[in-house]
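Here is a short report on salt bridges, a sheet and a surface patch. Please look at the structure first.

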Amino acid sequence: MAHILLRHRDIENIHKLDVYRANGGYEALKKALTGMEPDEVINVVKASNLRGRGGAGFPTGLKWSFIPKADGDKYIVINSDESEMGTFKDRELLERNPHQVIEGALIAAYAVGAKNIFNYMRGEFMDAGYAFEEALKECYEANILGENILGTNFSCEMTGHYGAGAYICGEETALLNSLMGERGQPWSKPPFPAIEGLYHKPTVVNNTETLANVPPIIANGADWYTSMGTEKSTGPKIVCLSGHVNKPGNYEIIMGMSFHDLVYGDEYGGGIPNGKAFKALLPSGGSGPVVTEDALQAPMTYEGLTPYGSAMGSASVVVMDETVDMVWAAMKMVHFFKHESCGKCTPCREGTFWMDQLLHRIYHGHGTQQDLMVLKNVANQIGGRTLCALGDFAVNPVLSTIRHFFHEYEAKVDGSANGNVIHMQTAVATAD
């Protein structure tokens, strides 16, 4: 099946404007500008049930519909601040198929009445930034950006902006603060960006991959899009597969295939190297709870992992084989979140610090049974008590590895071989 998003794998040099246009590029934009009212565009995207590909899965058309209809400045912001552990899909789109992202953003701008688009990109991915800037230059020269686009009365500007490597700026309000030159920290909602976002004006923030889905939806219709995937999770999805697999990389799948097929399928991961056994999987980088082998049967949808206490998120799938020490894995992930916490919320700022300290102590053999209880108690005091989801994400490596691999924590704790083991297992289970 031909790729819908990763089209550069089928069409050589599609990152160049002339090749993109020769293969139907910007026809969806032309269709929207010349044959559809803005509300009609929004309704088609709503009917497609396209959901945000950045992780949250919020319905895209519904988000667009929240923008007020009144005159005034409005903005589209592309969230290309790809910082989640194990995620590398958006940079491939920007490097290899940037015009599809630009076209999707222009359609979104037309739908909500925005005249300016900003692409907030991860500053370390400069190759992606250079490719995107080159695509913007081509669009300005061809009257696809600027005044009276494609001979219509629609005008729109687009600008690339580079972040400085802060994970927190992937959160939409922290991103907007950073884009305005403020400290990259989230704000308390309300106000929501749809009402008061960039420069305190109505703003849509969409993920890079989300916007790449828009041109084919407008070109082919909502029914075509909903014919793929499941009722609640429609269309294609780019999955970032890494870790202990024979063939890591980005894969474009149709929503609904199983994690097992992704890991073991010959067209995808191709199984685990060196005949090692599967141990655990991170379905959404470090932010989603770890799952074990029974969850491999789950479908890759936004709701597929709910019975297993986890979520697909942005689909940054990291596979771990039997050699991985799960206490070590939790320690590495928590250290990342501690480093990336913006410090605004006390539970996150202090909690991630203490989880990091406790995990280092336990991993290096200096922990106690009490440390295990404190570790879990600290984690339970963070979730749901912060302005953004970073705090919730930070506790997932701890709580999920304790739930599935508590025996590995016990083995590292002083006195774990004595009669207190059963007592501690019972105490930790009760704390759930």
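Glu 95 and Arg 91 form a salt bridge, with their closest N and O atoms 3.3 Å apart. A salt bridge here is a side-chain nitrogen of Lys or Arg within 4 Å of a carboxyl oxygen of Asp or Glu. The two residues sit four apart in helix H5, so about one helical turn separates them. Helices (H or I, at least four residues) and strands (E, at least two) are DSSP runs, numbered from the N terminus. Glu 95 is partly exposed, at 22% relative accessible area. Arg 91 is partly exposed too, at 28%. Buried means under 20%, exposed over 50%, and partly exposed in between (1.4 Å probe, protein chains only).

The model is predicted: local features need pLDDT of at least 70, side-chain atom pairs count only at pLDDT 80 or more, and totals for chains, interfaces and linings use all residues. Residues are numbered from 1 along each chain as its sequence is written, and side-chain values use heavy atoms, leaving out hydrogens and water.

**Salt bridges**

The count comes to 16 salt bridges.

| Pair | Closest N to O |
|---|---|
| Glu 95 – Arg 91 | 3.3 Å |
| Glu 172 – Lys 63 | 3.9 Å |

Glu 172 lies in helix H8 (residues 172-179) and Lys 63 in helix H4, so this pair ties together parts 109 residues apart in sequence. Lys 63 is partly exposed, at 21%. Lys 63, Glu 171, Glu 172 and Lys 189 are linked in a network of salt bridges.

Glu 209 and Lys 89 are both buried.

**The sheet**

Four strands form an open, mixed sheet in the order S6-S5-S8-S7. Strands S6 (249-254) and S7 (278-286) stand at the edges with a single partner each, so one side of each lacks a neighbour in the sheet. The twist averages 30 degrees from one strand to the next. Strands pair if DSSP finds at least two bridges between them. S5 (residues 236-243) and S8 (residues 316-321) pair in the parallel sense over four bridges. Within this part, Cys 240 has Ser 316 in S8 as its bridge partner.

Helix H5 (residues 89-96) lies across S5 and S6, at about 115 degrees to S5. Helix H13 (residues 326-340) packs on the sheet and touches S7 and S8. Its direction makes about 10 degrees with that of S7. Contact means heavy atoms within 4.5 Å. Axes are lines fitted to C-alpha atoms, for helices over the stretch in contact, and angles run from 0 to 180 degrees between N-to-C directions.
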